[in-house]
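Please read the points below alongside the sequence and the model. They are notes for a colleague, grouped by region.

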Amino acid sequence: MLRVIEFWLNGRRREVAVDPREALLDTLRERFGLTSVKRGCEVGECGACTVLIDGVSVDSCCYLTIWAQDKHILTVEGLQKDNGELSDIQKIFIEEAAVQCGFCTPGLILSAVEIIAAGKPRTREELRRLISGHLCRCTGYENILNAVERALRESLAKKTEPN
Amino acid sequence: MYDFADIYQAESELDAVRALHEDRQAMVIAGGTDVLVGIRAGRYPSARLVSVHGLEALTGVQMTADGGLRIGPCTTFSALESDPLIARHLPFLAQAAGHVGGPQIRNMGTVGGNLANGATSADTAPALLCCNAVLELTSWQGVRRVPLRDFYTGPGQTVRAQDELLTAIAISPADCNGLAGCSLKYGRRAAMEIATLNCAALLRREGDQIAELRLAFGVAAPTPVRCPEAEALAAGAAWSSALAEQLAQAALRETRPRNSWRASADFRRRLIAELTRRAVTAAWQQTEEGM
């Protein structure tokens, strides 16, 4: 029997009737058309399906949609401004050549959003650990780390900028 | 879509216990990082689930009136890693929790699930064994308390009955004060790995001696184990690297690692010796730094 779940999705209150066996990954892709959330390993090992739930990174393949009641969910589609302009972190990923095939990118961007939102400076080693839930077969991670480091640095600098 | 037969979201601890009692086929799901993966692998055909996901009463770390700690089984690895009480009293448990998987897994996976799963590779098991943790198991019939040391009966098997819910992990005041510890995990990767071997050492220092040592391993035997022979050797012994070597040899005598696709028994034996030396040395170093 279908269950009706309500949650906040990319800032909007949404309602959906789901089979309780549905994973959040399935719901976001198939019901809401949010294909930035990738179907990678489906067992929580690659991070391609990562979304932010109440600001916390989660593998949506291992998360039942029925658990999302009243949660705030963020996918990469929710980062763009209304006029389509990319967010800072997205622009930096592109500028730092941190994107090749792009399959791991949405998940990594959301983990980066979480890291930046925490507002703490991090060493490169700490950043390595913080993105360790993501597998990338293309880039070798160095440019990804460059992008996250730069985005974090610029975000922290903005916070301390005198008016 | 996951292939399970039914899922009931419990509204309270009591409600979960009732649901498990009324459906003798039902199994518990908390964070889902083990159970959902198992369902996808076909390990639980027609599974009927009782979900304790999100139950506040089972989540979090509290200090009890006598100064001990009570850990809710639905506490995630992330929460354990950053909990102020754990940081203060059992930092080596926070260290162990931080070894599990990666950030996303730690945000959902629970310490209760880590134990109830019964896996010898559970990353928090060696540390909790060193803490002499006691598990509170609740059923419709009542509550019983089982030391973690007596919890495991074989690979993936525990004394927990189908209708029992793990409702607390209790640590007594003597086991979470005045002790220095270290948790280590060896895997081919630095993250997203099941342990090839894991280890925890916890000790109390008096002067230049180890007053008491607790040493535990995972993946060194069919279940997580303590090393009583090594511990007896360490009791009252003056610290030296020679002692660390003796402890490593004792640990080897008390463990029984196997060949698996991850590593050979021979490699695991080398790890047991090396991790003993490193864990005990690191724990001792902490006492030098005044913790």
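**Notes on the model**

1. In chain A, A:Gly119 comes after α3(A) and has a positive phi, near 70°. Helices and strands here are DSSP runs (H or I, at least four residues, for helices; E, at least two, for strands), numbered from the N terminus. This is a predicted model, in which local features need pLDDT of at least 70 and side-chain atom pairs count only at pLDDT 80 or more, while totals for chains, interfaces and linings use all residues. Residues are numbered from 1 along each chain as its sequence is written, chains are lettered from A and ligands numbered from 1 in the order in which they are written, and side-chain values use heavy atoms, with hydrogens and water left out.

2. Helix α3 of chain A covers residues 105–117, 13 residues in total. From first to last C-alpha it reaches 18 Å, close to the expected 18 Å, where the expectation is 1.5 Å times one less than the number of residues. Eleven of the 13 residues of α3(A) are buried (under 20% relative accessible area; exposed is over 50% and partly exposed in between, with a 1.4 Å probe and protein chains only). Among them are A:Leu108, A:Ile109, A:Val113 and A:Ile116.

3. A:Arg150 has two salt-bridge partners to check (a salt bridge is a side-chain nitrogen of Lys or Arg within 4 Å of a carboxyl oxygen of Asp or Glu). With A:Glu95 the N to O distance is 2.7 Å. That pair joins helix α5 (residues 142–160) to helix α2 (residues 88–95) of chain A, 55 residues apart. With A:Glu96 the N to O distance is 2.7 Å; A:Glu96 lies in the loop between α2 and α3 of chain A, so this pair ties together parts 54 residues apart in sequence. A:Arg150 is buried at 17% relative accessible area, A:Glu95 is exposed at 52%, and A:Glu96 is partly exposed at 23%.

4. The interface takes 30 residues from chain A and 27 residues from chain B, where contact means heavy atoms within 4.5 Å. About 2,300 Å² is buried between the chains, 58% of it from carbon and sulfur atoms (accessible area, 1.4 Å probe, that two parts lose on being put together, summed over both). Two salt bridges are counted between the chains. A:Glu42 and B:Arg40 meet in a salt bridge at 4.0 Å, N to O. Both residues also belong to a salt-bridge network with A:Asp26, A:Glu30 and A:Arg39.

5. Where is B:Thr120 found? It sits in the loop between α7 (111–116) and α8 (125–130) of chain B, and is buried at 17% relative accessible area. Its side chain reaches the backbone nitrogen of B:Val219 at 3.1 Å and the backbone oxygen of B:Ala221 at 3.0 Å. Beyond four places in sequence, contacts of B:Thr120 include B:Gly218, B:Pro222 and B:Pro224.

6. B:Cys131 lies in the loop between α8 and β6 (134–139) of chain B. Its relative accessible area is 0%, so B:Cys131 counts as buried. Leaving out residues up to four places away, B:Cys131 touches B:Leu90, B:Phe92, B:Ile171, B:Asp175, B:Leu202 and B:Arg214.

7. B:Glu245 and B:Arg277 form a salt bridge, with the closest N and O atoms 2.7 Å apart. B:Glu245 is in helix α10 (residues 241–254) and B:Arg277 in helix α11 (residues 265–288) of chain B, so the pair ties together parts 32 residues apart in sequence.

Key: A polar contact is a pair of N or O atoms within 3.5 Å; within protein, one must be able to donate a hydrogen and the other to accept it, and residues adjacent in sequence count only if both atoms are side-chain atoms.
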